Amino acid sequence: MSQPESDRGMSIFLDVFRRADKNDDNCISPEEFQSFFADGILKREELEELFNKIDTHNSNNIDTAELCTYFSSHLGPFLTIFGALEDLTHGVSEALQQTAQEYPKKSFFDQFTLRFLMKEVASQLTAVEQSMDSAANHLEEDTLKDRERQTIPAEVSGPPTTSNAGWIRRRARRQLSTQTSTPIAGLSGLTEQVDRLKTLISELETKVTLDPVDEETVSKEDDDLVTLVSRRLVVGEQNIPSFHEHLKAYIEAGCKEAGCINICVRSVKDGNTYTLYEVWESPAQAESHMTSPALLAFKEKTDGLLTKPEEKNLLNVPSKWVSGNEG
């Protein structure tokens, strides 16, 4: 069933209500209102006045209906935006689920195309978020300048505010909104989907996929093998920036070598351990790479950056088991 047009764009305020209602008692108290909606510009008494304006039931609490009624009368052009955000959040969620299921079955070229499309979506969504943040910061700066022109005694106005106050609060709210497993809509929900999108891209880019096969019997002469190489490197924390530069250069050079199917890297977040995964078209080409200028230069430049010797493992598997290697 499609959503009634009058309700489109309103689900975000259910999320706003959820985040503002700190004690989960299904109403927003004056203290919760002050804590959540304070933007560094409105003074406490002004927030109290706004609270009473929204609290049309005069219950000294705000319920979801009162919050939605108030904001719905002020949406203007943002009604269309919030409605589009609901559709976009739902679309991104479905795309992520479908990609996670179908990606392992794709060829190397199709996997590249999917990763490119996902990166482009993440880039476009990030650009929208930055644009909205910039506009909000500009409005806050203008408001602060207008207030500075007014003559207000220091004991009334309180400590000076900065244009960063609202930005910091907006970032904090978005971070809090993503610390939940409950599906949400609107900009905070979209931010969560962007974070999921970036995480999935990272996982897909560092994943070598093997096609599942049943047990088979082949003659040794007819079996075409590819070689998988893993290198585990533990880097000194102070050497990580320098190591990243040499690693990038090595991957770019190694991927251009004859016989290289793919080279990728996986690292633990906030850690100093890196695992390189290399796929070569044949054991002979993998062996030849051991003395290549790219690998020798990488080892020479990074040897002093490691805290322990490199751990290397090789595995030969039938080439038809590797997705995208259909030769």
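In general terms, a disulfide is a covalent bond between the sulfur atoms of two cysteines.

The structure discussed here is a predicted model, in which local features need pLDDT of at least 70 and side-chain atom pairs count only at pLDDT 80 or more, while totals for chains, interfaces and linings use all residues. Residues are numbered from 1 along each chain as its sequence is written, and side-chain values use heavy atoms, with hydrogens and water left out.

**Cysteines**

Buried means under 20% relative accessible area, exposed over 50%, and partly exposed in between (1.4 Å probe, protein chains only).

Most residues other than glycine have a negative phi. Asn58 is not a glycine, yet its phi is positive; Asn60, also a residue other than glycine, has a positive phi as well. Asn58 lies in the loop between α3 (44-54) and α4 (64-72), and Asn60 is found in the loop between α3 and α4. Helices (H or I, at least four residues) are DSSP runs, numbered from the N terminus, as are strands (E, at least two).

| Residue | Phi | Relative accessible area |
|---|---|---|
| Asn58 | about 55 degrees | 66%, exposed |
| Asn60 | near 65 degrees | 46%, partly exposed |
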